[in-house]
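I opened the notebook to log a few look-ups.

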Amino acid sequence: MQSITFGEVIGRGMERVCYANPANPRTCYKVSKLGHDLQSRREIRYFEFLKRRHIDATFLPKYYGFIKTDKYLIIEQELFISSEEFDASLLNHYLQKSTDAQISELEEKLKEIKAEMIRKNIIISDIRPANILVLTKKRDGIQRIVFLDGFGSPEFIPLPIYCPYFGKKKIERQWEKFKRHYYNAKRKD
């Protein structure tokens with residue numbers, strides 16, 4: 001079995017803890033305890049499904065695989081952190097510090113992402129400002145918007161994943177929920 005060393009905690013959710021990967025500064029580990037790993041198992045199945053179908057998108061973090069130990073289920077994926085060149089902000093924080101022009105740019109990019117999700121039938125079930133990262137280059141504006149969580153479909157029989165008709169309906173429902181969260185976050189500034 002592969003030995004894994006966890007770096008500093010960079011995020012914490014209901015089911016998982018996210019750690020920096022000290023062996024690769026470009027990736028992180030999403031770690032779930034076995035028995036409390038439903039979301040991780042769903043995400044692994046979904047990322048493997050997308051990989052088999054050669055489906056990718058810039059709004060998805062790169063997926064590098066998973067490791068199962070006797071205690072944990074660990075997903076390795078792309079890490080996003082602020083640097084001298086880039087700023088990485090959760091969407092709700094980005095809204096608080098943005099100008100009207102930056103918010104207009106953001107909203108245009110979000111429309112493009114929604115269209116791409118529908119076109120490629122990419123399902124994200126938990127679209128909220130706290131699960132979306134905005135990567136900006138210091139002088140060039142938004143470089144990338146990345147969803148951090150909620151990949152795949154939680155239904156017992158995940159028809160939205162396999163059937164674009166049902167996928168589009170699910171994506172539309174998720175975006176309607178997201179719009180309510182987005183406008184609430186936007187009003188707080």
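How many aromatic pairs does the count come to? I got eleven aromatic pairs. I kept in mind that the model is predicted.

**Entry: Tyr46 and Phe49**

I looked up this pair next. The ring centres of Tyr46 and Phe49 are 6.1 Å apart and the planes sit at 20°. Planes under 30 degrees apart count as stacked, so I logged the pair as stacked. I then checked where the two residues sit. Both belong to helix 1, residues 38-52. They are three residues apart there, so about one helical turn separates them. Buried or exposed, Tyr46 and Phe49? I found both buried. For Phe49 I noted 6% relative accessibility. The cut-off for buried is under 20%, so Phe49 counts as buried.

**Entry: Phe49 and Tyr162**

I followed Phe49 to another ring. The centres of Phe49 and Tyr162 lie 5.3 Å apart, with planes at 80°. Over 60 degrees counts as edge-to-face, so this pair is edge-to-face. Which parts of the chain does the pair link? Phe49 is in helix 1, and Tyr162 is in helix 4, residues 159-162. The two are 113 residues apart, and I logged the pair as a link between distant parts of the chain.

**Entry: aromatic cluster**

I also noted one aromatic cluster formed by Trp175, Phe178, Tyr182 and Tyr183.

**Entry: Glu78**

I turned to Glu78 in strand 5, residues 72-78. Its relative accessible area is 12%, so I marked Glu78 as buried. What joins the side chains of Glu78 and Arg144? I found a polar contact of 2.9 Å. Leaving out residues up to four places away in sequence, Glu78 touches several others, including Arg26, Cys28, Lys62 and Tyr64. Arg144 is among them too.

Terms used
Residues numbered from 1 in each chain as written. Predicted model: local features only at pLDDT ≥ 70, side-chain atom pairs only at ≥ 80, totals over all residues. Heavy atoms only, no water. Phe/Tyr/Trp six-rings, centres within 6.5 Å; stacked < 30°, edge-to-face > 60°. Helix = DSSP H or I, 4+ residues; strand = E, 2+ residues; numbered from the N terminus. Buried < 20%, exposed > 50% of the residue type's maximum accessible area, 1.4 Å probe, protein only. Polar contact = N/O pair within 3.5 Å; in protein donor to acceptor, adjacent residues only side chain to side chain. Contact = heavy atoms within 4.5 Å.
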